[in-house]
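Grab a pencil and work through the exercises below. Try each task on your own before you read its solution.

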Amino acid sequence: MAHAAARPKGSVSDVREHPSMTMRDRISGALGRRLVIGTPFLWLLIFFLVPFGIVFLVSLGAPEFGVPPYSPAFEWDGGVPRFVGSFDNYIFLTEDDLYWIAYLGSVKIALGATLLCLLVAYPMAYMIARAEPGMRNILLMLVILPFWTSSLLRIYALMGMLRQGGFINSALMGLGITDAPIQMMQTDFAVYLTIVFTYLPLMVLPLYSTLEKLDGSLLEAAADLGANSFQTFWTVTLPLSLPGILAGCLLVFIPAVGEFVIPDLMGAQDSPMIGNVLWGEFTRNRDWPVASAVAIAMLALLVIPFMLLRNTSALRD
Amino acid sequence: MRWVMLILALAGFALLYVPLLILVIYSFNASQLVSVWGGWSTRWYVELWSNEAILDAAFVSLQVAVLSATIGTAFGTLIGYVLSRFGGFRLRTVFTAMATAPIVMPEVVTGLSLLLLFISMEQLIGWPAGRSVTTIVIAHATFGMAFVAVVIQTRLAGFDRSIEEAARDLGARQPQIFLGITLPVIAPALISGWLLAFTLSLDDLVIASFVSGQGSSTLPMVIYSKVRLGVSPDVNALGTIVIAAVALGLFLAAWIMRRGDAKRKREEARAMAGQ
């Protein structure tokens, strides 16, 4: 690493230019380099960037009865494309409260669930980082295992706990604590709990990796200076684990905002999240242009701010 | 402080595992009703095994996962290599953005955009004809490669560049260096990248729902429609099998890694003694 750091900036180009290289090597090297960059570039261009262009074009069209069920934003007029679309769908999004409520509701739920997830995950990561090496590996495995199983099956397992005739209600009624089953499914509570349950491993792992690197001598120094364990935690451990906290929160928050399965299975039907609104526009209403406009709005309000923020994040861990 | 943390941590682990434990126990419940314990039985496993829809979907899912993880690993490795070794080039910013954005893209947005792409492509060039396993593989490979690229890039960043440079000084050409040195060194990252892409593909419901067609329902799609309709005890059995398979896989991986470590330590000790 020190070696790499000592080299002048931009000298990575010596991958291409080395004194021993002949002219032929250089030409074939340049060609190979283009191929290595070009192949994945082409794939991403076709299957990632172009689709968003199409979504944007569809969002400018109008719904229509037919296959596909929308009118194009451009018409061919003697070989020249003529713009016939409009931004009506975007104006519609701002006029109908449903979309704002769903979007802000999604952000609120994702934010709340992310904080709850952090509260549950932090003690876990803390204890794992402080465990004996053998025990630590076992605990880490226990965190990773649910992540590798199917999230849908895990949500189903949680439904088995929460439903009317489910485990919790049976237990509560069996013990005589309640007379009638408590309604837990189709509530915001169920959505929060399920997001925490589903995304917990994604929060624990980055927290663990920062807490593990924490220099133990700092904690000893704090103790020597007379700090009690709570003060040490609050003034040393917690501030030093901020990168992990940020990384974990982003890993949970971003997918949680666009979550579809959890609110669909666990949430109340009258307060859908934005992902469900998009899905509903697309499937039930068959309004592809509005669904596309919702997608572009999600991109603009969620993904692009995140991509701009990314340099400060520790997602690379 | 320590005790508070310990109790909270135990509560966290309980949250992760109690639902799974209940699922496993109830997969052996003879009764159809979830709330009633009807004695131990394996009837849901038998029923699962004779459920054609689930078996077909499992086959589709495995096929999609293997193909998409393989394509995703091949392209993801190239992307990771380009990002960590090629320095600056034209359009690098676009390349980086496209390579990492699929990770943070909401699934509904990715699914919708790919479906609209496939429909447009079919209109323009007649391929892909309808939605099938092919379209799901393309969709899964695209987000899989973004995750593989991150894994590979991280591995390459932590790997001693001087070995590659030494090979170059000795006259090896770029492809030789890549195949002879870089690839063997990052092999473990290739395996974990492939496994990650494979798992993400098996796990995906939303994107597959957009881009699948008649006869190409994946396992999560079939489970989802069963779960929406209410309690289905054979899903408990399926869940138990998945949990057991993952636990076994993780156990084997840990065992192999430990053996590799022990072997390396022995070799190091021998090398030290020889000097």
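## Exercises on a predicted model

Of the contacts in chain B between residues at least 6 apart in sequence, 66% link residues at least 24 apart. Keep in mind that this is a predicted model.

**Exercise 1. Describe the make-up and overall dimensions of chain B.**

Start by counting elements: chain B has 11 helices and 0 strands. Reading from the N terminus, you get α-α-α-α-α-α-α-α-α-α-α.

Next, look at the dimensions. Along the principal axes, the C-alpha atoms of chain B fill a box of roughly 70 × 65 × 40 Å. The radius of gyration of chain B is 24 Å, while a compact globule of 275 residues would come out near 19 Å.

Finally, check burial: 48% of the 275 residues in chain B are buried.

**Exercise 2. Find the transmembrane regions that UniProt lists for chain B, and look at the chain over residues 133-156 and 177-197.**

First, the record. An unreviewed UniProt entry puts "transmembrane region" at residues 54-83, 95-121, 133-156, 177-197 and 237-257 of chain B.

Now turn to the model. Residues 133-156 of chain B are 100% helix and 0% strand, with 33 Å between the end C-alpha atoms. For residues 177-197 of chain B, the figures are again 100% helix and 0% strand, and the end C-alpha atoms lie 26 Å apart.

**Exercise 3. Work out what the buried residues of α10(B) pack against.**

Step one is to list buried residues. In helix α10 (residues 219-229) of chain B, these are B:Leu219, B:Pro220, B:Met221, B:Val222, B:Ile223, B:Tyr224 and B:Val227.

Step two is to find their partners. From chain A come α6 (151-162) and α12 (261-266), and from chain B come α3 (52-85), α8 (174-203), α9 (206-211) and α11 (233-274).

Last, see what follows the helix: B:Gly230 comes after α10(B) and has a positive phi, near 130 degrees.

**Exercise 4. Which residues have the most contacts inside the largest nonpolar core?**

That core has 173 residues, and the ones with the most contacts inside it are A:Tyr122, A:Val261, A:Leu265, A:Met266, A:Leu278, B:Val109 and B:Phe210. Helix α4 (residues 97-130) of chain A gives the most to this core, with 16 residues.

Then zoom in on B:Phe210. Leaving out residues up to four places away in sequence, B:Phe210 touches A:Leu278, A:Trp279, A:Phe282, B:Val108, B:Gly111, B:Leu112 and B:Leu115.

**Exercise 5. Is A:Ser71 buried or exposed?**

Locate the residue first: A:Ser71 sits in strand β2 (residues 70-71) of chain A. The cut-off for buried is under 20% relative accessible area. A:Ser71 has 18% relative accessibility, so it counts as buried.

Not counting residues up to four places away in sequence, A:Ser71 touches A:Gly61, A:Ala62 and A:Glu64.

**Exercise 6. How do strands β3 and β4 of chain A pair?**

Strand β3 (residues 74-77) and strand β4 (residues 80-83) of chain A are antiparallel, paired over 4 bridges. For one opposite pair, take A:Phe74, which faces A:Phe83 in β4(A). The two strands make a hairpin with 2 residues between them, and A:Gly78 in the turn has a positive phi of about 60 degrees.

Terms used: Residues are numbered from 1 along each chain as its sequence is written. Chains are lettered from A and ligands numbered from 1 in the order in which they are written. This is a predicted model: local features need pLDDT of at least 70, side-chain atom pairs count only at pLDDT 80 or more; totals for chains, interfaces and linings use all residues. Side-chain values use heavy atoms; hydrogens and water are left out. Two strands pair if DSSP finds at least two bridges between them. Buried means under 20% relative accessible area, exposed over 50%, partly exposed in between (1.4 Å probe, protein chains only). Contact means heavy atoms within 4.5 Å. A nonpolar core is a set of buried Ala, Val, Leu, Ile, Met, Phe, Trp, Tyr and Cys residues joined through side-chain atoms within 4.5 Å. UniProt positions are given in the numbering used here, feature names are shortened, and annotations may be inferred rather than shown by experiment. The radius of gyration is taken over C-alpha atoms; the globule rule is 2.2 Å times the number of residues to the power 0.38.
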